[in-house]
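Hi there,

Here is the structure I promised to pass on. Have a look, and my notes follow below.

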Amino acid sequence: MAWQLLVPLVAGAAVGMLGHAAGEQAALAERGQWVDAVVVSMDDSGTNHCDLRMTDGRAISPSLSEGDGCENWVTKGDEMRVQYDPESIASPTKDRDMDSYGGMLAALFLAAVLMGTWGSMRQNEWDRQYDGR
């Protein structure tokens, strides 16, 4: 019975992570702006993060992550074109693909609900069997 709780737990965690990515994607699609940027520093202690400034000197926040364009070959002073959120909520990206997360989010949510419902129904049956003794 405990294994039935694993599916909703994993699905819930995946929904949280994909939901965050989908939210950032929606923010960039709605208000994102493409600008030329310069790498002012690069932190490669584990996962790469690049601090960026626009060519006019304004900082871009938050930093550019490894998955969004701050690769191992990037060094301080490199120039790149990035899409950023002027409200500094969504992470910038160099070439983020705009795949829709809607189908995956719906499937994960459905899996969590179905397994939770099935587990609850089985637990109810077991409770009735043991209460009848």
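Over how many bridges do β1 and β4 pair, and is the sense parallel or antiparallel? The two strands are joined by 6 bridges, in the antiparallel sense. One of the residues involved is Gln33, whose bridge partner in β4 is Tyr84. Please keep in mind that this is a predicted model.

The sheet as a whole is open and has 4 strands, in the order β3-β2-β1-β4, with antiparallel pairing. At its edges stand β3 and β4, each with a single partner strand, so one side of each has no neighbour in the sheet. On average, neighbouring strands are turned by 45° against each other, direction ignored.

Leaving aside residues up to four places away in sequence, Ala37 touches Leu52, Arg53, Met54, Ile60, Asp78, Glu79, Met80 and Val82. Gln83 is 46 residues from Ala37 in sequence, and their C-alpha atoms are 9.6 Å apart in space.

There is also 1 disulfide. It joins Cys50 to Cys70, with an S to S distance of 1.9 Å. The link of Cys50 and Cys70 is right-handed, with 70° about the S-S bond. Cys50 sits in strand β2 (residues 49-54) and Cys70 in the loop between β3 (59-65) and β4 (79-84), so the pair ties together parts that are 20 residues apart in sequence. Both Cys50 and Cys70 are buried.

Terms used: Residues numbered from 1 in each chain as written. Predicted model: local features only at pLDDT ≥ 70, side-chain atom pairs only at ≥ 80, totals over all residues. Heavy atoms only, no water. Contact = heavy atoms within 4.5 Å. Disulfide = S-S within 2.5 Å. Buried < 20%, exposed > 50% of the residue type's maximum accessible area, 1.4 Å probe, protein only. Pairing = 2+ DSSP bridges. Axes fitted to C-alpha atoms, helices over the stretch in contact; angles between N-to-C directions.
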